[in-house]
Amino acid sequence: MSNAATNVIRKCGGPQAVSAMVGVNVSNVHRWTYPKEKGGTGGLVPARHQQRLLEKAREAGISLSPADFFPTPPHEGEMA
């Protein structure tokens with residue numbers, strides 16, 4: 001299952017890269033992709049890390065925008 005956090009992590013070069021960018025343990029980054037029922041953030045990057053990720057991505061020439069931090073709505077005809 002793809003979610004906003006998975007997409008951001010992929011764009012930024014993977015969990016280790018994101019971990020270094022925001023200064024948290026890589027296991028915390030992985031947890032962003034887990035459902036809330038399993039101790040995760042439900043597929044969202046915590047707000048406290050979003051600005052830092054945007055800044056670091058810009059410095060690294062990575063195309064990341066604020067819209068990347070939000071889930072995309074299902075396309076017409078797809079089930080939610």
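Helix α2 (residues 15-22) and helix α4 (residues 47-60) approach each other with their axes within 9 Å and a crossing angle of roughly 105 degrees. The axes are lines fitted to C-alpha atoms, for helices over the stretch in contact, and the angles run from 0 to 180 degrees between N-to-C directions. The two helices are therefore roughly perpendicular, a class that spans 65 to 115 degrees, with angles under 35 degrees taken as roughly parallel, over 145 as roughly antiparallel and the rest as oblique. Val18, Met21 and Val22 of α2 form this contact with His49, Arg52, Leu53, Lys56 and Ala57 of α4, contact being defined by heavy atoms within 4.5 Å. By class, the α2-α4 contact comprises five nonpolar, one polar and two charged residues; Ala, Val, Leu, Ile, Met, Phe, Trp, Tyr, Cys and Pro count as nonpolar, Asp, Glu, Lys and Arg as charged, and the others, Gly among them, as polar.

The model is predicted, with local features requiring pLDDT of at least 70 and side-chain atom pairs pLDDT 80 or more, while totals for chains, interfaces and linings use all residues. Residues are numbered from 1 along each chain as its sequence is written, and side-chain values use heavy atoms, with hydrogens and water left out. Helices (H or I, at least four residues) and strands (E, at least two) are DSSP runs numbered from the N terminus.

Within α2, the buried residues are Val18, Ser19, Met21 and Val22. These residues cover an arc of only 165 degrees around the axis and therefore lie on the same side of α2, the arc being that of the directions from the helix axis to the C-beta atoms. Buried denotes under 20% relative accessible area, exposed over 50%, and partly exposed the range in between (1.4 Å probe, protein chains only). Gln16 and Ala20 are exposed on the other side of α2. The buried residues of α2 pack against α1, α3 (26-31) and α4. Just after α2, Gly23 adopts a positive phi of about 75 degrees.

Val8 is located in helix α1 and is buried, with a relative accessible area of 0%. Beyond its neighbours within four places in sequence, Val8 is in contact with Val45, Leu53, Leu64, Asp68 and Phe69. The C-alpha atoms of Val8 and His49 are 11 Å apart in space, for a separation of 41 residues in sequence. Asp68 belongs to the segment after α4. Not counting residues up to four places away in sequence, Asp68 touches Ala4, Val8, Lys11 and Ser63. The side chains of Asp68 and Lys11 are joined by a polar contact of 3.1 Å. A polar contact is a pair of N or O atoms within 3.5 Å; within protein, one must be able to donate a hydrogen and the other to accept it, and residues adjacent in sequence count only if both atoms are side-chain atoms.

Asn3 lies in the segment before α1 (4-11) and counts as buried, at 13% relative accessibility. A polar atom of the Asn3 side chain lies 3.2 Å from the backbone nitrogen of Ala5, and the backbone nitrogen of Thr6 is 2.8 Å from a polar atom of that side chain. Leaving aside neighbours within four places in sequence, Asn3 is in contact with Thr33 and Gly43. Pro35, in the loop between α3 and α4, is partly exposed at a relative accessible area of 36%. With residues up to four places away in sequence not counted, Pro35 touches Gly40 and Gly42.
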